[in-house]
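Have a look at the structure first, then we'll go through it piece by piece.

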Amino acid sequence: MGLFGGGYMKEGPGVDKNAPKKKGIFLYTEIFIRKFWKIVQINLLYTLFSLPMLALTYFIAPVSSDFVARIAGDAASDPSVTAELQMGFRTMFALVITILWGSGPASAGYAYILRCFAREEHAWIWSDFLDKIKSNLKQSAVVIIVDIAVLILEINAVVFYFSAFKATDDTMWLILTFVTLFIFMLYTFIHFYIYQIMVTFECTAAQLYKNSILFAFAKLPMNLFFFLFTIFVLTAIAMLMPPAVVIMLYFIAGITFSVFPIAFYSSRSILKVINLKNKQTARKREGDE
């Protein structure tokens, strides 16, 4: 069967049944190349539905004029440079939160499509995306409301603690600042799994968070790797390109290029747990018989 176009009755070499199945980075690379144009399509769709979250996180980003002045140095006297830097930092913050935390209902549909890609299952980009938004609307709305509340609290806590440290030079405030940032990082790890679990299992909100927390700690080393790698890539791109170019790049394909490695790992980690439980159930049944 031809992969592209006609020739459905023409015999081809097919796939060698004895060929070793690809795993890990090799499987990811193969899927990424094969699904490239679908990845671009889902990126455009997801970015469009994520505009409210991107706008919200852009405006609440903790980017003060004093912060920009310290970064810009002598160049801060130029209003155009200051404005460009503020736009750049706000854009990067909005992208980091949307990539690592998601954007509520849109992330449910997005997670389902990426899960299908990772498992090499078929998915209709538009219809499946909308269907999963509708079927997971309540839980994803709860997640995004909690996220916004946590984000505002985290920002205010970090700003308050660090300002107190600068005013008093008391190390306790600096420790509290780092503790708050550490909590932010752990809360981020939960989001690597929460939407994948949401579109895979029927569970309550409490079970959703419980299972996501378990995965966040069980896969801690890889979660830390994905977190640091994403921050590094976004920072490098933001430093090398003007904000307008960064926005255009991520609107076209950049968000999914950043999210898909995480989704690939998390969805297959969840699949391993499902397979393990199925094997245990089958063995138990055999033993009962």
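How many residues does H6 have, and how far does H6 reach from its first C-alpha to its last? H6 has 14 residues and spans 20 Å between those two atoms, close to the 20 Å expected at 1.5 Å a residue; the expected span is 1.5 Å times one less than the number of residues.

Before going on, some ground rules. This is a predicted model, so local features need pLDDT of at least 70 and side-chain atom pairs count only at pLDDT 80 or more, while totals for chains, interfaces and linings use all residues. Residues are numbered from 1 along each chain as its sequence is written, and side-chain values use heavy atoms, with hydrogens and water left out.

**The overall picture**

The protein chain has 12 helices and zero strands, where helices are DSSP runs (H or I, at least four residues), strands are E runs of at least two, and numbering goes from the N terminus. Of its 289 residues, 40% count as buried, meaning under 20% relative accessible area with a 1.4 Å probe, protein chains only. Take the contacts in the chain with a separation of 6 or more: 77% of them come from residues 24 or more positions apart. Contact here means heavy atoms within 4.5 Å.

Axes are lines fitted to C-alpha atoms over the stretch in contact, and angles run from 0 to 180 degrees between N-to-C directions.

| Pair | Axes come within | Crossing angle |
|---|---|---|
| H6 (residues 105-118) and H7 (residues 125-135) | 7 Å | roughly 130 degrees |
| H2 (residues 36-49) and H7 | 11 Å | roughly 40 degrees |
| H9 (residues 171-200) and H11 (residues 220-240) | 10 Å | roughly 100 degrees |

On orientation, angles under 35 degrees count as roughly parallel, over 145 as roughly antiparallel, 65 to 115 as roughly perpendicular and the rest as oblique. H6 and H7 are therefore oblique to each other, and so are H2 and H7. H9 and H11 are roughly perpendicular.

**H6 and H7**

H6 is mostly covered, with 13 of its 14 residues buried. The crossing of H6 and H7 is right-handed, that is, the near helix is turned clockwise from the far one by less than a right angle. On the H6 side, the residues that meet H7 include Tyr110, Tyr112, Ile113 and Phe117, and their partners in H7 include Phe129, Lys132 and Ile133. By class, this contact has 10 nonpolar, one polar and two charged residues. Nonpolar covers Ala, Val, Leu, Ile, Met, Phe, Trp, Tyr, Cys and Pro; Asp, Glu, Lys and Arg are charged, and the others, Gly among them, are polar.

**H2 on H7**

H2 also passes H7 in a right-handed crossing. Lys38, Gln41, Ile42, Leu45, Tyr46 and Phe49 in H2 meet Ile125, Trp126, Phe129, Leu130 and Ile133 in H7. That contact splits into nine nonpolar, one polar and one charged.

Between H9 and H11, the contact residues include Phe184, Phe189 and Phe192 of H9, plus Phe226 and Phe227 of H11. The contact has 10 nonpolar, two polar and no charged residues.

Leaving aside neighbours within four places in sequence, Thr230 is in contact with Ile99, Leu100 and Ile262.

Conventions: Buried means under 20% relative accessible area, exposed over 50%, partly exposed in between (1.4 Å probe, protein chains only).
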